[in-house]
Amino acid sequence: MEKRKEATISMDFTVTIPKQKGRFGWHSSQVSLGNWFPILAVYDHHGWNLNPYFAEGESFYSLTSNFEVTIQIEESYTVAATGQRAKPIVKQDGMATYQFQAENVRDFAMVFNRDFNQNVGMVDGIQVNVFYADEDKDDVEAMLATANYVLPLFKDLFGEYPWDELDIISLDMGKESDLGVEYPQLIMVNTPAHSSVEAIYQTVEHETVQQWFYGAVGNDQYAEPWLDESFSTYASYVAFYETLDFSWVRKFGNKIYHLTSPVSTFTDREDEGGMGKYSDVIYDFGAKTLHDLHEKVGDELFYKGMKTYYRKMKFRVATTADFIRIMEEATNRDLTDFFREHRVFVEETM
């Protein structure tokens, strides 16, 4: 076995934050810092992974790391961030110094706002912080109620939430299609884009379960986006609906697309409706596939497999081959025909 080697890298960099709404930008008193700093690209059997940004979904691929972050900002701002405060806030000469620590996370996100209020709750031993501006105060109860429901539920279905805190941030992200986005221990909810309280419930459910799938169990979101989006969509449906009915999911006859298609399959065919196919395949058909698997093997074996998958792949990078192998081992069944029929292929056979 090759001996592990260590290296120290130092880097000075400057980031210009654009004036825009969304996961990265500023407007009014709000500053959103998602994907704001350089990270080391993942080197695997493909070589160095340098995936392009994908605005319609996620395309990130990173390993877990430990972070120590110090922030100095005008004391009029409230700071929400991945991780937990390592020390009390220090205020001096109109400035505030925050120190955060985060362990086993794939990214570190922050949101600053002069107008933030903070509501704190404890859910199953997890501190849930809801940050919101005055105009969003009517939605805070829905966000906390959702966390109170889904954190114990997802623990029961998949395994322990892997950290001590979760920040739910209500903010204006601009595009109505961007209902929310997840980062480790922090989810952004585009509150103005939601038409109802029920819609907010669903977004918080979807982004929260991504703390399990992509946050804890990582994957290459560009090469195999179904491993987080299909799983999160299915789990949010389980949380929201008493009875699941996927009869509305459209079948896709085009042989170009399959559930394990990379993002490039869809973006390369944008003029032919590829982006609509991305949603149909990766979100809807992926959720239906997991539902069909649940129906095939039964409740006990399905969740035994999901718990085993989560336990074995937590803080690692999972692949489609890992998921199939672990589900077959947990259920003691050959699922080759099932996955082939649902157009789930391991990399070697694509």
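Gln 185 is buried, its relative accessible area being 1%, where buried denotes a relative accessible area under 20%, exposed over 50% and partly exposed the range in between, computed with a 1.4 Å probe on protein chains only. The model is a predicted one, in which local features need pLDDT of at least 70 and side-chain atom pairs count only at pLDDT 80 or more, while totals for chains, interfaces and linings use all residues. Residues are numbered from 1 along each chain as its sequence is written, and side-chain values use heavy atoms, with hydrogens and water left out.

Although not a glycine, Gln 185 has a positive phi of about 65 degrees, and its place is the loop between strand S14 (180-183) and strand S15 (186-190); helices (H or I, at least four residues) and strands (E, at least two) are DSSP runs numbered from the N terminus. Ser 28, likewise not a glycine, has a positive phi of about 55 degrees and lies in the loop between strand S1 (24-27) and strand S2 (30-33). Ser 28, however, is exposed, with a relative accessibility of 63%.

Val 140 belongs to helix H1 (residues 140-157) and is buried at 4% relative accessibility. Beyond its neighbours within four places in sequence, Val 140 is in contact (heavy atoms within 4.5 Å) with Asn 119, Val 130 and Tyr 132.

Helix H5 (residues 274-297) comprises 24 residues and spans 32 Å from its first C-alpha to its last, close to the 34 Å expected, the expected span being 1.5 Å times one less than the number of residues. A kink of about 30 degrees is centred on Phe 285 in H5, the bend at a residue being the angle between axes fitted to the seven residues ending there and the seven starting there. Because 17 of its 24 residues are buried, H5 is largely enclosed by the rest of the structure. Gly 298, with a positive phi near 95 degrees, follows H5.

Rings of Phe, Tyr and Trp (its six-membered ring) were taken to pair if their centres lie within 6.5 Å, with planes under 30 degrees apart counted as stacked, over 60 as edge-to-face and the rest as tilted; by this rule there are 34 aromatic pairs. Among them, Phe 231 and Tyr 309 form a tilted pair, 5.8 Å from centre to centre and with 40 degrees between the planes. This pair links distant parts of the chain, given that Phe 231 in helix H3 (residues 226-240) and Tyr 309 in helix H6 (residues 299-313) are 78 residues apart. Phe 231 is buried at 1% relative accessibility, and Tyr 309 is buried with a relative accessible area of 1%. The ring centres of Phe 323 and Phe 339 are 6.2 Å apart and their planes lie at 80 degrees, so this pair is edge-to-face. Since Phe 323 lies in helix H7 (residues 320-331) and Phe 339 in helix H8 (residues 336-341), the pair ties together parts 16 residues apart in sequence.

A nonpolar core is a set of buried Ala, Val, Leu, Ile, Met, Phe, Trp, Tyr and Cys residues joined through side-chain atoms within 4.5 Å. The largest such core contains 88 residues, of which Phe 158, Ile 168, Tyr 309 and Phe 323 touch the most other members. Residues up to four places away in sequence aside, Phe 323 touches Trp 226, Leu 227, Phe 231, Leu 290, Leu 293, Met 306, Tyr 309 and Phe 339. A second, separate core of 12 residues includes Ala 109, Phe 116, Leu 186 and Met 188.
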